[in-house]
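Please look through the sequence and the structure before reading on.

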Amino acid sequence: MDENKLMEFVHKFVGDLGATIGAGGVVLGDRLGLYRGLTAGPSLPEELAERTGTAPRYVEEWLRGQAAGGYVEYDPESGRYSLTEEQAFALTDPDGPIFAPGAFQLALGALQSRERIEAAFRSGDGLGWHEHDQDVFSGCERFFRPGYSANLISSWLPSLDGVVSRLQAGARVADIGCGHGASTVLMAGAYPASVFTGSDPHAGSIEQARKRAGNAGLESRARFAVAGAQEFSGGPYDLVTTFDALHDMGDPLGAARHVRSQLTPDGTWMIVEPAAGDSVSANLNPVGRVYYSFSAFLCVPSALSQEGGYSLGAQAGEEPIRRLTADAGFTRFRRAAETPFNIVYEARP
């Protein structure tokens with residue numbers, strides 16, 4: 001045994017252990033308003049506790065752990081804790097382009113099902129999306145919405161051939177697997193001449209999506225229905241979108257064929273999927289680790305719980321999706337845009 005390699009692994013393990021238990025601290029910091037409380041300026045633990053209505057001794061220990069993890073700053077001379085501009089940017093604004101607490105909320109929610117996932121590993125059975133903890137649904141929205149807010153209107157839709165002009169003139173759009181409707185509401189707010197219909201098989205998510213649209217004053221143009229990807233109706237549509245949803249489907253080919261049947265002859269299917277290479281080796285990196293791990297707890301079990309019994313997984317890569325669209329009757333396919341976390345594909349009849 002190489003002792004140096006062993007110690008390298010031990011250091012990795014300790015870092016991961018700290019990150020694992022630290023996830024709970026991030027979620028607490030968000031829910032209790034501790035991060036937002038620190039935006040008032042450098043604070044002693046008792047000052048932050050008073051500001052947030054929390055207990056000083058708990059806050060003191062939380063702050064120490066956050067400082068050890070690099071999520072807050074500590075000044076040993078004054079004993080005060082603070083946030084840098086960058087930390088505040090990523091930790092306090094749920095509507096910003098980066099919001100770390102949402103990702104940790106999703107992860108902790110997924111881990112609530114660990115015993116049922118263990119049983120699924122042994123049996124090969126699936127676990128439906130609707131069977132997970134509530135933090136999975138809200139955490140998923142809070143994890144993905146920042147990326148959509150930062151990119152969907154500004155770069156992803158403009159990357160598609162002729163789509164923006166159609167949306168500006170008035171188009172009919174179906175957003176499949178819309179969850180809480182973050183993507184649907186964003187598009188409806190940006191293109192007032194178009195009408196958007198979001199659908200998702202999870203009734204609880206559709207209820208939340210309707211509330212989101214109502215709060216934004218968009219309920220007349222952002223409508224929602226409980227329906228799976230093989231069942232949504234109302235076409236023909238000028239644009240069909242799927243945001244981080246295709247890989248969760250148990251019959252992705254059936255879904256692709258149904259999308260094709262619901263499109264106009266010159267319509268577009270916009271497929272947004274997690275960033276991934278076309279081989280396992282290409283995905284052995286921090287982003288791949290995140291997505292493979294989420295996929296084992298959420299995406300693969302969800303797909304295997306559905307009719308079809310097939311799972312792309314969250315790191316399928318471009319080529320399987322290209323083949324899927326071709327088998328479904330699409331004749332044009334290209335990679336239209338990408339970010340560190342997502343790739344946007346365009347499929348045309």
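What covers the buried residues of H12? In this predicted model, the cover includes strand S6 (237-243), strand S7 (263-274) and helix H14 (318-327). Helix H12 itself spans residues 252-262, and its buried residues are Pro 252, Gly 254, Ala 255, Ala 256, His 258, Val 259 and Gln 262.

Seven strands form an open sheet with mixed pairing, in the order S5-S4-S3-S6-S7-S9-S8. S5 and strand S8 (332-338) are the edge strands, each pairing on one side only. On average, neighbouring strands of the sheet are turned by 20 degrees against each other, direction ignored.

Strand S4 (residues 195-200) pairs with strand S5 (residues 222-226) in the parallel sense, over five bridges. Within the pair, Thr 197 stands opposite Arg 223 in S5. H11 lies across S4 and S5 and runs at about 170 degrees to S5. Strand S3 (residues 172-176) pairs with S6 in the parallel sense as well, over four bridges, and Val 173 stands opposite Leu 239 in S6.

Is S9 enclosed or open to the outside? Seven of the seven residues of S9 are buried, so this strand is largely enclosed by the rest of the structure. In a regular strand the side chains alternate between the two faces of the sheet. In S9, Asn 342, Val 344, Glu 346 and Arg 348 point one way, whereas Ile 343, Tyr 345 and Ala 347 point the other way.

S9 has antiparallel pairing with S7 over six bridges and with S8 over six bridges. Trp 269 stands opposite Ala 347 in S9, and Glu 338 stands opposite Ile 343 in S9. S8 and S9 form a hairpin, with three residues between them. Helix H14 lies across S7, S8 and strand S9 (342-348), running at about 145 degrees to S8.

In soluble globular proteins, nonpolar side chains tend to be buried together. The largest nonpolar core here has 41 residues, of which Trp 156, Leu 157, Leu 167 and Met 270 touch the most other members. Helix H8 (residues 134-156) supplies the largest share of this core, eight residues. A second, separate core of 27 residues includes Ala 227, Ala 256, Ala 316 and Phe 330.

Not counting residues up to four places away in sequence, Leu 167 touches Leu 157, Val 173, Tyr 191, Ala 193, Ser 194, Phe 196 and Leu 239.

A cis peptide bond joins Gly 235 and Pro 236, with omega about 10 degrees. Pro 236 is placed in the loop between S5 and S6.

Asp 244 has a positive phi of about 50 degrees, although this residue is not a glycine. Asp 244 lies in the loop between S6 and H12. Its relative accessible area is 7%, and because buried means under 20%, Asp 244 counts as buried.

## The annotated region

The unreviewed UniProt entry carries the annotation "domain: Methyltransferase" for residues 169-276. Over residues 169-276 the chain is 31% helix and 32% strand, and the end C-alpha atoms are 34 Å apart.

How values were computed: Residues are numbered from 1 along each chain as its sequence is written. This is a predicted model: local features need pLDDT of at least 70, side-chain atom pairs count only at pLDDT 80 or more; totals for chains, interfaces and linings use all residues. Side-chain values use heavy atoms; hydrogens and water are left out. Two strands pair if DSSP finds at least two bridges between them. Helices (H or I, at least four residues) and strands (E, at least two) are DSSP runs, numbered from the N terminus. UniProt positions are given in the numbering used here, feature names are shortened, and annotations may be inferred rather than shown by experiment. A nonpolar core is a set of buried Ala, Val, Leu, Ile, Met, Phe, Trp, Tyr and Cys residues joined through side-chain atoms within 4.5 Å. Buried means under 20% relative accessible area, exposed over 50%, partly exposed in between (1.4 Å probe, protein chains only). Contact means heavy atoms within 4.5 Å. Axes are lines fitted to C-alpha atoms, for helices over the stretch in contact, and angles run from 0 to 180 degrees between N-to-C directions.
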